[in-house]
Structure formats: C-alpha cells, structure tokens
Amino acid sequence: MAEQLTNLLELLRYNPDEPLLFTSGLFLFLFLGFTFFYGFMRRTVTLRIVYVTLFSLYFYYKTSGLYFLLLMFTATSDFFIGHFIAEATSRRVRRWLVALSVCINLGMLGYFKYTNFLIEIINDFVQDPLEFQNIFLPIGISFFTFQSMSYIIDLYRGKVRPLHRWIDYLFYISFFPQLVAGPIVRARDFIPQIHQRPIVVSRAQFGEGFWLIFCGLFKKAVISDFISLNFVDRIFDNPMLYTGLENLMGVLGYALQIYCDFSGYSDMAIGIALLLGFRFNANFDSPYKSATITEFWRRWHISLSSWLKDYLYISLGGNRKGRLRTYLNLMITMLLGGLWHGAAMRFVVWGGLHGAGLALHKWTLNRFSSFKPLGSEMPRWRRIIGILFTFAFVCTTWVFFRAPSMEVAGQVFSQIFTAFHPEIFLDFVVGYKWVLLLMAVGYLLHFASARLERRTLQVVQQLPMVVYALLMTALIWLIMQLRNGDVQPFIYFQF
C-alpha cells in the first residue's frame with residue numbers, strides 16, 4: 001500500500017521529461033476527476049472559479065514545474081496595473097502604466113526566450129566567450145504574456161471593463177484548455193463568460209465539443225505523430241541521405257504535420273472549453289485553401305495573426321501612413337512574429353519571407369485593380385492557381401521553420417533542385433505506403449468542403465452517448481496500434 005501511494009505521488013509530481021499533455025492517459029484520468037466535481041458547481045460562481053483556477057495552476061505545474069509561480073506573477077502584476085489604469089484620470093499616467101505592463105511582460109518573455117540567443121550572437125564576435133547555462137523556457141509563456149497584454153491594452157483603449165477580483169483575472173490567464181499552446185483568448189471575448197450562472201452545456205454544444213476533441217486527437221496523435229516519427233523527422237535530421245524527391249515529400253509532410261499538430265491542439269482546447277461551458281473563437285480555418293498570402297494569415301493561427309494586427313501592426317501605423325510605411329509595418333510585424341516563434345535566425349528568415357510576401361501582395365493589390373485580397377472574390381480558375389502558388393510559397397518557408405539550422409535548410413533545397421531522382425518514385429511509394437496513406441487522408445480532410453464539415457457536425461450532434469463512447473474507444477485503439485514510442489509533445493510547446 002505504501003509503495004502504491006509513493007508511486008501515485010510520484011506520478012502527480014512534475015516530471016520535466018513527461019509534461020502533461022492532452023493526449024496522455026494521465027490527463028484523461030485527471031480531467032474525468034475534475035469534471036465530476038465541476039458538475040456540482042454550475043451555480044456557485046466563486047467556488048467554480050477557485051476550483052478551476054487551482055486545477056489550471058496544477059495543470060501548468062505538471063508542464064513547467066515551479067514556473068507556475070511566473071504565471072501567477074504575470075496575473076498579479078497586470079491585475080493591479082489594470083486596476084490603476086481604470087482609476088487613473090490622467091492620460092499620461094495611463095500610458096505610463098501600459099508601458100510598465102508591456103515592459104514587465106516583454107522583459108520576462110525576452111529573458112526566458114531570447115537570452116540564450118543573444119549570448120550566442122555575442123560569443124560569435126568576442127574572443128572570450130561568455131559562459132552561461134541554458135535558460136529553461138517555461139511552456140506557454142509566449143501565450144499567457146500576450147494574453148495578459150491584450151487585457152491591459154484593451155483596458156487602456158476602453159474596449160473592456162476592469163476586473164475587480166484578482167481570482168477572476170487569474171482564472172482568465174490560467175484557464176487550462178488554452179494555457180500552454182493557445183489559442184490566445186482576448187479578454188473582451190472571455191471575461192463576459194466567467195460569471196455565467198448557471199453553466200449550461202446544451203446537447204448541441206456537447207456534441208460539438210466532443211467532435212472537436214475527437215478530430216483534434218485524430219489529427220495530432222494519428223496523422224501528425226505518425227508521419228513525423230516515421231518520415232519527416234528522418235528527412236530533416238539528415239537531408240543529404242535522401243533524394244530530392246524524398247526531401248520534397250518531407251516538406252509536404254511537414255506542412256501537414258504542423259497543421260495537424262497545432263490545429264489538433266487548438267481543436268482539443270476549444271472542445272474541452274466548450275464541454276466546460278466556455279466558447280473560444282476558431283484558431284484555424286483550412287489555411288491551405290488560401291489563394292493569397294493575406295488570406296493564409298486570416299486562416300492560420302488566427303488568434304496570433306489577429307493579435308499582431310491589432311496590437312502591433314495598427315500601433316505602428318497600419319496602412320494609414322502611406323504605401324511605403326505600410327510595407328515597412330508589414331515587414332516589422334512579421335519579423336517580430338518570426339522571433340515570437342523562436343530565437344534563431346531561421347525564424348527571422350521565415351518571418352521576413354512572410355512579411356515580404358504580404359508586402360508584395362499589398363503592392364499588387366494597389367497596382368492591379370483586378371487582383372483581390374481573398375480567394376472567395378476571385379474567378380474559380382484564378383483561385384485554383386492562387387491556392388497552388390500560395391501553398392508552394394508557404395511550404396518553402398516551412399523549410400526554414402522546421403530545419404534545425406540554416407545549413408540544414410540549404411541542404412533540403414539543394415537536394416530538391418540538384419538530386420531529385422524521380423525514377424525512385426515507385427520504390428518510395430512502396431517503402432512509405434502508410435505514411436503516404438495518412439498524408440493523403442490528412443490533405444483530403446483538410447480540403448473537404450465547409451458544407452460537408454457542417455453536415456458532419458450536425459450528424460454527430462444527434463448521436464447518442466453510447467456512440468460517442470464507441471467512437472472514442474475506436475480512436476484510442478487506433479492510436480495505440482500506430483504508436484511506436486512515447487507520447488509526442490505538441491510542436492507549439494516550444495514557443
């Protein structure tokens with residue numbers, strides 16, 4: 001008995017090698033226990049807020065250890081800064097308070113995320129390198145700092161009212177479904193939902209939440225993990241061992257992998273929140289259907305792209321200060337967006353390419369009146385060409401995003417353009433038949449029509465509970481059959 005208790009306590013402690021994931025059995029166990037007691041708190045608002053907040057803090061402890069105190073510090077500092085902003089009568093004081101919040105949040109983000117990068121750059125230019133230990137990057141720090149900053153800025157702009165209880169703000173910042181990998185939830189969208197009385201989850205909401213969790217789990221644990229472990233990782237570990245054809249297919253595989261991984265997490269986060277009575281905005285909208293790069297960024301990681309637009313691009317002047325300034329603002333926004341994803345030159349290149357693409361598209365719209373910003377406004381033939389061109393551009397930039405270094409990225413392109421060897425295609429198909437099958441399934445599902453998706457959801461919402469249980473059981477069985485290693489972390493955990 002004592003040994004079993006010790007094992008249980010060890011399981012519940014933070015383990016840096018096994019962060020808590022939505023796809024793990026431990027999370028399922030904890031979530032079932034959590035929802036059992038949550039069901040008794042539909043009408044008791046304060047007790048529910050405290051209960052969910054404590055579980056969220058434990059959830060973050062299981063992913064980043066004692067860095068959950070960093071999360072509490074962010075929530076506490078911005079709660080009080082927000083209170084002072086609401087009380088201040090001077091516009092100048094309000095601006096200084098916003099600047100203080102931004103400095104605290106970006107300073108904290110910069111220390112944990114970019115110190116290693118800056119020291120490496122310095123060491124490249126000095127004779128006596130600086131000695132330092134790698135600084136641990138707390139999971140999700142980019143998400144909860146951006147989320148907290150949105151509250152302060154919206155409060156300053158008069159778009160939200162201040163929260164009067166610290167526990168309410170801590171609940172908003174720490175809410176576990178979106179805590180570690182988004183979506184970035186705006187205060188004006190989420191805060192009005194906090195004091196619902198009672199929490200009501202309709203049959204349609206439950207069915208939608210279940211379907212989002214089911215689809216997210218399928219995308220992540222079946223498609224993304226399988227093609228990553230069995231193909232994509234091998235290519236990017238050493239591109240020179242493979243032909244250009246294999247490298248090209250690896251790039252296409254990664255495009256699907258990162259979409260299924262990140263949108264899968266977002267789907268599960270949105271679905272879990274929906275089961276708890278909270279609705280998040282969609283974070284992905286079939287981005288590879290985009291016919292322009294502008295449309296792509298309206299469909300990909302919507303919560304981040306809209307955040308960058310509202311709080312960075314518009315703050316820089318947006319498109320209000322002339323065309324040249326507009327192009328510059330787009331470049332700055334996307335370069336900083338690239339750095340947000342990681343402290344490495346390859347992320348700067350990735351962001352710079354997207355910034356150049358957005359600026360070029362904006363120039364094209366100004367130069368040629370027949371061009372449209374969105375594919376839905378184009379003739380069908382032009383839209384198809386636009387989708388192919390945009391997808392090719394996005395896949396090209398994904399090489400820099402995925403490659404461990406600029407050198408490896410160069411090797412991928414070198415193999416594609418100098419050692420393609422199409423004659424091995426049949427052997428390649430035979431050797432990677434299951435990978436290619438899942439890639440085909442993934443892309444077919446991605447390009448399915450919105451009408452088919454809506455009809456499928458309507459059918460799922462009418463299914464009895466026993467069918468939900470059978471579907472989830474079948475999916476878990478499939479995951480266990482395909483899994484050939486440990487549970488794979490989500491790609492965006494590193495950001």
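Which helix holds Ile121? Ile121 is found in helix H5, residues 91-123; helices are DSSP runs of H or I with at least four residues, numbered from the N terminus. This is a predicted model, in which local features need pLDDT of at least 70, side-chain atom pairs count only at pLDDT 80 or more, and totals for chains, interfaces and linings use all residues. Residues are numbered from 1 along each chain as its sequence is written, and side-chain values use heavy atoms, leaving out hydrogens and water.

**Surface patch**

- Ile121 is partly exposed, with a relative accessible area of 33%; buried means under 20%, exposed over 50%, and partly exposed in between (1.4 Å probe, protein chains only).
- Together with Leu118, Ile122, Phe125 and Val126, Ile121 forms a nonpolar patch on the surface, with about 470 Å² of accessible area.

**Helix H14**

- Helix H14 (residues 345-367) has 23 residues and reaches 32 Å from its first C-alpha to its last, close to the expected 33 Å; the expected span is 1.5 Å times one less than the number of residues.
- Among the buried residues of H14 are Phe347, Trp350, Leu358 and His361.
- Their cover includes helices H11 (293-299), H13 (323-341), H15 (380-402) and H16 (406-418).

**Salt bridges**

- Side chains of opposite charge can pair when their charged atoms come close.
- The count comes to twelve salt bridges, each being a side-chain nitrogen of Lys or Arg within 4 Å of a carboxyl oxygen of Asp or Glu.
- Asp310 and Arg188 meet in a salt bridge at 4.0 Å, N to O. Asp310 lies in helix H12 (residues 302-316) and Arg188 in helix H8 (residues 187-190), so the pair ties together parts that are 122 residues apart in sequence.
- Asp310 is buried, at 18% relative accessible area, whereas Arg188 is partly exposed, at 31%.
- Asp310 and Arg188 also belong to a network of salt bridges with Asp154 and Arg186.
- Glu295 forms a salt bridge with Arg299, with the closest N and O atoms 3.0 Å apart. These two residues of helix H11 are four residues apart, about one helical turn.
- Glu295 also meets Arg383 in a salt bridge (3.7 Å, N to O). Glu295 is in helix H11 and Arg383 in helix H15, so this pair links parts that are 88 residues apart in sequence.

**Cysteines**

- The structure holds zero disulfides, a disulfide being a pair of cysteine sulfur atoms within 2.5 Å.
- The sulfur of Cys395 is 13 Å from the closest cysteine sulfur, in Cys260, which is too far for a bond.
- Cys395 is buried, with a relative accessible area of 5%, whereas Cys103 is exposed, at 56%.

Technical notes
Patch = residues over 30% accessible without salt bridge, like charges linked within 9 Å, V, L, I, M, F, W, Y side chains within 5 Å. Areas by Shrake-Rupley, 256 points an atom, 1.4 Å probe, with all protein chains shown as cover. Contact = heavy atoms within 4.5 Å.
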